[in-house]
Amino acid sequence: MGIRAKLSIIGEHGRRMVRMGSLSVIGSHKVNGVAEIHSELVKSDLFPEYHALWPDKFTNVTNGITPRRWLKACNPGLAALIDQHIDDDWPRDIYKLEGLKKLASNAKFQKAFMEVKHQNKVALAAVIKELVGVTVDPSAIFDVQIKRLHEYKRQHLNLLHIMALYHRLLENPDYDMVPRVFIFGAKAAPAYALAKDIIYAINKVGDKINNDSRIGDKIKVVMLPNYRVSLAEKMIPAADVSEQISTAGKEASGTGNMKFTLNGAITLGTLDGANIEIAEEAGEENCFIFGLTVDEVKALDAKGYNPTNIYLEDTELKTVIDWLDGDYFTPGRPGELSAIKRSLLDYGDQFKVLADYRAYSDAQQKVDTKYRNKKAWAKSAIINTASMGKFNSDRSIKDYVERIWSLDPVQKK
């Protein structure tokens, strides 16, 4: 395809039609992504010809969240603790949270910070009991993944690891692990059959695990119904671990990752979207980063990705994937969960679940190890909260005002 065809508003291959992406670039004063990596992919992968033609048109504005809602309102205990140690106008300028870093190793502050987290976990445990009838222990790790249900978000990667932990416990009831509560919240698009199958699988696996006395309550799995903002406001303050495990290059930015981090959850994530910038601000030593990078995903596709090879070579992974074909989790109805297996093996595993599985499992082991060191965990959690200045929606709006909209701020009289 020649350069003129690539720049054309009208698509010339097959049926002629308007290329809305091209039209939006041509008609716009500026074009931006919503995280640094997203903006680079817009330039390099989506619109390289337009970027070469108009390099100054393309820029970046990383997303932000409002601390008024996503800390002060939804986590009053933590907000009150912060008020005691830094200026109480921090919700207007969350760069002031940087002042908490000097307290990150302070034993008294660590204890107070983690007590707030514990009370939030107690409150969420009550919500879980009310909504789904499952009793969970607030002293366990609360491992939370809340987003829309989509293959690129890879809730099924999380599910495979849960099944692997369960299998390990069945093989060895003395398997040493910190008790873990895996908490999901998500909705699927109405016609997205596989997404609905993954929700169903999470629920059926959870039903089996939650009622299996052989594992001694070391694992609980809950999918909270009717995920919505008001429910997120209860889940986010209680999270110990923030699951941000999308395939590298597929997440534009994410704001859930920012909300979790602001509330002292530690990110378990790929180098995707705003995860990259969160890790830069908080330090990778205060996150659990794993998996393929964007360039590695591209290279894997270029050489030809064969998920079946991984499936055959990883005994544990093969065991839990094969579990999906039987009726262990769906008694009397074998194969009800097989669609997930087919998506991974028969349909090419588009989102590299199997390619990242072992790295994800290893990262989860690091979570387990670090959680046992209460002081180290508390320090990292505090540093995460303290590092969120960049991710304020006030900063995002200011960037738009100054660099894209070219507006003059209203002066107070």
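Two residues are in contact when they have heavy atoms within 4.5 Å of each other. Helices (H or I, at least four residues) and strands (E, at least two) are DSSP runs, numbered from the N terminus. The model is predicted, so local features need pLDDT of at least 70 and side-chain atom pairs count only at pLDDT 80 or more, while totals for chains, interfaces and linings use all residues. Residues are numbered from 1 along each chain as its sequence is written, and side-chain values use heavy atoms, with hydrogens and water left out.

**Exercise 1.** Find out which residues of H8 meet which residues of H9, and describe how the two helices pack.

*Solution.* 
Step 1. Locate helix H8 at residues 155-171 and helix H9 at residues 193-210.
Step 2. List the contacts: Gln155, His156, Leu159, Ile162, Met163 and Tyr166 in H8 meet Ile198, Ala201, Ile202, Val205, Lys208 and Ile209 in H9.
Step 3. Sort these residues: 9 are nonpolar, 2 polar and 1 charged. Here Ala, Val, Leu, Ile, Met, Phe, Trp, Tyr, Cys and Pro count as nonpolar, Asp, Glu, Lys and Arg as charged, and the others, Gly among them, as polar.
Step 4. Look at the geometry: the helices pack at an angle of about 20°, and their axes are 10 Å apart. Axes are lines fitted to C-alpha atoms, for helices over the stretch in contact, and angles run from 0 to 180 degrees between N-to-C directions.
Step 5. H8 and H9 are therefore roughly parallel to each other (angles under 35 degrees count as roughly parallel, over 145 as roughly antiparallel, 65 to 115 as roughly perpendicular and the rest as oblique).

**Exercise 2.** Is Met258 buried or exposed?

*Solution.* 
Step 1. Find Met258 in helix H11, residues 256-262.
Step 2. Check its relative accessible area, which is 0%, so Met258 is buried (buried means under 20% relative accessible area, exposed over 50%, partly exposed in between, with a 1.4 Å probe and protein chains only).
Step 3. Leave aside neighbours within four places in sequence: Met258 is then in contact with residues including Thr62, Ile65, Ala274 and Phe391.

**Exercise 3.** Where does Thr330 lie, and which residues does Thr330 touch?

*Solution.* 
Step 1. Go to the loop between helix H15 (315-323) and helix H16 (338-345), where Thr330 lies.
Step 2. Thr330 counts as buried because its relative accessibility is 0%.
Step 3. Not counting residues up to four places away in sequence, Thr330 touches Tyr200, Lys204, Glu336 and Leu337.
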